[in-house]
Each structure stands twice: as C-alpha cells, then as structure tokens.
Amino acid sequence: MPQKFTLPKLRLFAFIIAVPIAVLGLLILLSDMPKTLIAHGPIQAGHEDVDCSGCHVQSAGTYRQQIQANFLYILGQRKQPVDFGYGPVTSVQCLDCHERKNERHPIYRFREPRFLKALETVNATTCLGCHSEHSDERVFAEHDNCQACHSKLIVKNDTIDVPHKTLIAQNSWGTCLGCHDFHGNHPVAAPLKLEEAHSVEEIQNYLKNGPSPYGNEKTYKAENQ
C-alpha cells in the first residue's frame, strides 16, 4: 500500500525543504555572490574596488512596486516601464569620480552645434559613447576617431619632426594617441620625434584593457579611489 501524506506531514516536508533553501538564499544575499551573478561582464581595470552601488543608482520604489509597475506596462496601463532594482549608468555617475580640471575633451563641449558632424563618427556627448563597464575593452571607439574633429587642424610652431599637416595629409590618424593622451590626465609630454611615439599596436592594446603606455601616474586621481 502506498503511503498517504497527511496535511501535517506535508507541512513538515515543506518545512524541511524550505528552511535549507531560505538559509542558502540568505547566505548568498549577504555575500558578494549576487553581484557576480547579475554582472553583465568583467570589471574594468581600476574599478575592482568599486561597489555596484558606486555606479548603479537604486530605482525608486520597492521591488514589489517595480514589479507591479512593469506588469501594468505590459498590460498597456502604463506609458513607460520602470527600472527594476537599479537604473542604467549615465555620465553623471562617471563624472562623480572622474571629473577633472584638466579634462581636454569634456563631454559638454561635444554638445555644441559645431560638433554635430563629428558626432556621426563618435558619440562623445556621453562617457558611454566610448566607454563601457562589464566589457573586456577600456574603450570601444576606434583609435583613429580624432579625424572627426581635427581634419582641418593647423598647428602653429609645430615642433614634431613630421608636421601635423603632413600626418593629416597622409591620413595617419592612428598616430594621434601615440603622442597625445586623449583625456590629458597623464603628466607626460608629447615627443618631438614621431619614431618616439607609442606604436599603434600599443595604443590598440591599451584600449582593449592592456597596460597604459602613458604610465600609471595621474595628475588627478579618481575622487573615490
């Protein structure tokens, strides 16, 4: 005869199963494991000690309210969905740590009308136009994008042995970052000879999260580091 489970036995069985699961879930929540599980990819070099909340702003409302709001959106009773848990990262979060006095290419400059044509090549109106966390790349923009703004560059008293006008005429845009640090936060001087510049391969490796050819010294360190 098969054994019949009475209601008390079913409750006891459910309790025996539920308690270990609840304890395991609590341990996971109290550890760093959830951050690893929900992360979209690796952490950028230099961000290893930055907590998730350092970049991700918590969404308004409780989880229950967020679920309800998104359910109403699916049913067509809300015009917009809401972010569940945390909202997307914006330039505001980036600049909380990385805004500096010596920034050579501040994003607000690219919002000027004269740069509209350049923005067809590179979306520099936001930090996320070139940078992305949880990626194996430090920068996903092309290393020769300088031409978007500097195709008509004229340098007075040009000191490099191969003049800038020659490099521009030759479309040698891959050499720009070999001499110039885009954001200008590495205290290094541009070389006077093109042969002393960092190679295109070095720059490409750096943009792919490799070592910095400009050195590790920074004029201004990130605020939260």
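I began with tyrosine 214, which counts as buried because its relative accessibility is 7% (buried means under 20% relative accessible area, exposed over 50% and partly exposed in between, with a 1.4 Å probe and protein chains only). I note that this is a predicted model, in which local features need pLDDT of at least 70 and side-chain atom pairs count only at pLDDT 80 or more, while totals for chains, interfaces and linings use all residues. Residues are numbered from 1 along each chain as its sequence is written, and side-chain values use heavy atoms, with hydrogens and water left out.

I then searched the whole structure for aromatic pairs and found two (rings of Phe, Tyr and Trp, the last by its six-membered ring, pair if their centres lie within 6.5 Å; planes under 30 degrees apart count as stacked, over 60 as edge-to-face and the rest as tilted). Phenylalanine 110 and phenylalanine 115 have ring centres 5.5 Å apart and planes at 45°, so I logged this pair as tilted; both phenylalanine 110 and phenylalanine 115 are buried. Tyrosine 206 and tyrosine 214 make an edge-to-face pair, with 5.7 Å from centre to centre and 85° between the planes. Tyrosine 206 is buried as well, at 14% relative accessibility.

Just after helix 8, I found asparagine 209 with a positive phi of about 85°.

For charged contacts I counted five salt bridges (a side-chain nitrogen of Lys or Arg within 4 Å of a carboxyl oxygen of Asp or Glu). One of them joins glutamate 137 and lysine 208 at 2.4 Å, N to O. Since glutamate 137 sits in the loop between helix 4 (91-98) and helix 5 (147-150) and lysine 208 in the segment after helix 8, this pair ties together parts 71 residues apart in sequence. Salt bridges with shared partners also join Arg109, Glu112 and Arg114 into one network. Within that group, glutamate 112 meets arginine 114 at 2.8 Å, N to O; glutamate 112 is partly exposed at 25%, whereas arginine 114 is exposed at 58%.

Definitions and conventions: Helices (H or I, at least four residues) and strands (E, at least two) are DSSP runs, numbered from the N terminus.
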